Amino acid sequence: VNALRAWHLAFVAALAALAVPRPAVAQFDSADARASIGVSIVSGFSVRKTQDLFVGALPTGQGAAAIDVPIGSSSVARFNVTGQAGGAVPFTVALPSSITIQRIGSGETMAVDGFRSSVSSESPGSVYTLLVGATLHVDANQRAGHYVGTFTVTVNQL
Amino acid sequence: MNDLWKAASRIPVGAGAFFLSAACVAQTCGGSSSIAIARTADLNFGSLIATASAGTAVIDPATGGRTVTGGVVAAGGAFAPAGFDVLLCGSGGIKRFDVVLPSSAITLTGSGGGTMTVDTFTQNPANHINGSTTVPTPFTVGATLHIAASQTQGTYSGVFSVTVARQ
């Protein structure tokens with residue numbers, strides 16, 4: 001009986017030895033998965049200047065004058081307004097009420113007001129040309145020189 | 001002899017139990033793995049507008065929400081975190097697992113040329129996650145997308161991998 005028991009224990013030990021390495025060798029405790037990442041970069045609503053408002057050369061000594069740059073003039077400022085492709089984009093335009101322009105090299109100024117705008121559609125729906133005109137006020141004794149200034153146009157997509 | 005029979009009979013029962021549990025979860029538990037994972041959703045940042053300044057878009061894995069920073073403008077589209085289901089296989093061991101996310105940036109390639117990177121992957125819930133051998137346990141993954149100034153328009157795509165490790 002003792003001999004049988006000894007054989008029995010040895011048999012169980014052998015089984016245990018067989019069983020233990022199995023999971024350690026063949027079983028994996030991690031797994032992988034893949035997923036895609038996607039994103040679309042689409043065109044936004046933007047406004048870009050394509051031409052400055054340029055009044056031109058004026059003679060001095062002509063007295064006080066208001067020089068108009070009407071929408072039909074080639075001197076108007078031009079902007080490209082681009083919406084999201086594929087559809088009309090309603091938007092509003094905000095213009096300054098007045099600005100001052102300054103003589104380069106010294107402090108003399110002129111006032112520009114009467115800003116006005118007009119919008120035309122260039123291609124179906126999404127690209128517009130925004131034209132901006134204004135009125136320049138020249139003093140009677142305005143000093144000769146080069147006058148420049150900046151104005152901001154804000155377009156707001158509705 | 002009685003003892004021997006008892007010992008011998010225990011082995012087939014144990015083996016039977018093992019194979020039975022493997023068969024129960026055979027849908028996703030394959031072969032010799034103690035854990036299985038399946039993707040349920042891809043990571044999507046939706047539609048974004050690039051402007052003159054760079055920025056980021058972040059998908060929150062907990063809320064599924066999207067936030068943008070810098071010059072990036074959110075423009076709708078279907079955005080969502082990635083989703084995965086995890087099933088633990090076999091009845092033994094502690095029933096929880098950890099998620100290992102990409103540690104380096106993933107590059108997305110655009111249909112119109114150009115690339116973007118995605119990094120700072122985040123997960124919900126946090127490690128360790130309690131799992132189950134019967135019901136798949138979901139977790140979600142978000143990340144941060146970097147959009148350059150005036151990023152080329154187009155549809156961008158890439159692939160990332162996650163690893164789940166049983167604890």
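Which residues form one aromatic cluster? In this predicted model, the cluster consists of Phe84(B), Phe97(B), Phe121(B), Phe139(B) and Phe160(B). Over all chains, the count of aromatic pairs comes to six. One of them is the tilted pair of Phe97(B) and Phe139(B), with a centre-to-centre distance of 6.4 Å and an angle of 55 degrees between the planes. This pair links distant parts of the chain, since Phe97(B) lies in strand β8 (residues 96-100) and Phe139(B) in strand β12 (residues 137-147) of chain B, 42 residues apart. Phe97(B) counts as buried because its relative accessibility, 0%, is under 20%. Phe139(B) is likewise buried, with a relative accessible area of 2%.

Phe121(B) and Phe160(B) form a tilted pair, at 5.0 Å centre to centre and 35 degrees between the planes. Here, too, distant parts of the chain are linked: Phe121(B) belongs to strand β10 (residues 115-124) and Phe160(B) to strand β13 (residues 154-166) of chain B, 39 residues apart. Phe121(B) is buried at 9% relative accessible area, and Phe160(B) is buried at 1%.

A polar contact joins the two chains: the side chains of Ser34(B) and Asp29(A) are 2.5 Å apart. Ser34(B) is placed in the loop between α1 (2-24) and β1 (35-41) of chain B, and its relative accessibility of 1% makes it buried.

Among contacts in chain A with a separation of 6 or more, 70% involve residues 24 or more positions apart. The accessible surface of chain A is about 9500 Å², and carbon and sulfur atoms account for 56% of it.

Key: Residues are numbered from 1 along each chain as its sequence is written. Chains are lettered from A and ligands numbered from 1 in the order in which they are written. This is a predicted model: local features need pLDDT of at least 70, side-chain atom pairs count only at pLDDT 80 or more; totals for chains, interfaces and linings use all residues. Side-chain values use heavy atoms; hydrogens and water are left out. Contact means heavy atoms within 4.5 Å. Accessible areas come from the Shrake-Rupley method with a 1.4 Å probe; for residues, only the protein chains shown count as cover. Helices (H or I, at least four residues) and strands (E, at least two) are DSSP runs, numbered from the N terminus. Buried means under 20% relative accessible area, exposed over 50%, partly exposed in between (1.4 Å probe, protein chains only). A polar contact is a pair of N or O atoms within 3.5 Å; within protein, one must be able to donate a hydrogen and the other to accept it, and residues adjacent in sequence count only if both atoms are side-chain atoms. Rings of Phe, Tyr and Trp (its six-membered ring) pair if their centres lie within 6.5 Å; planes under 30 degrees apart count as stacked, over 60 as edge-to-face and the rest as tilted.
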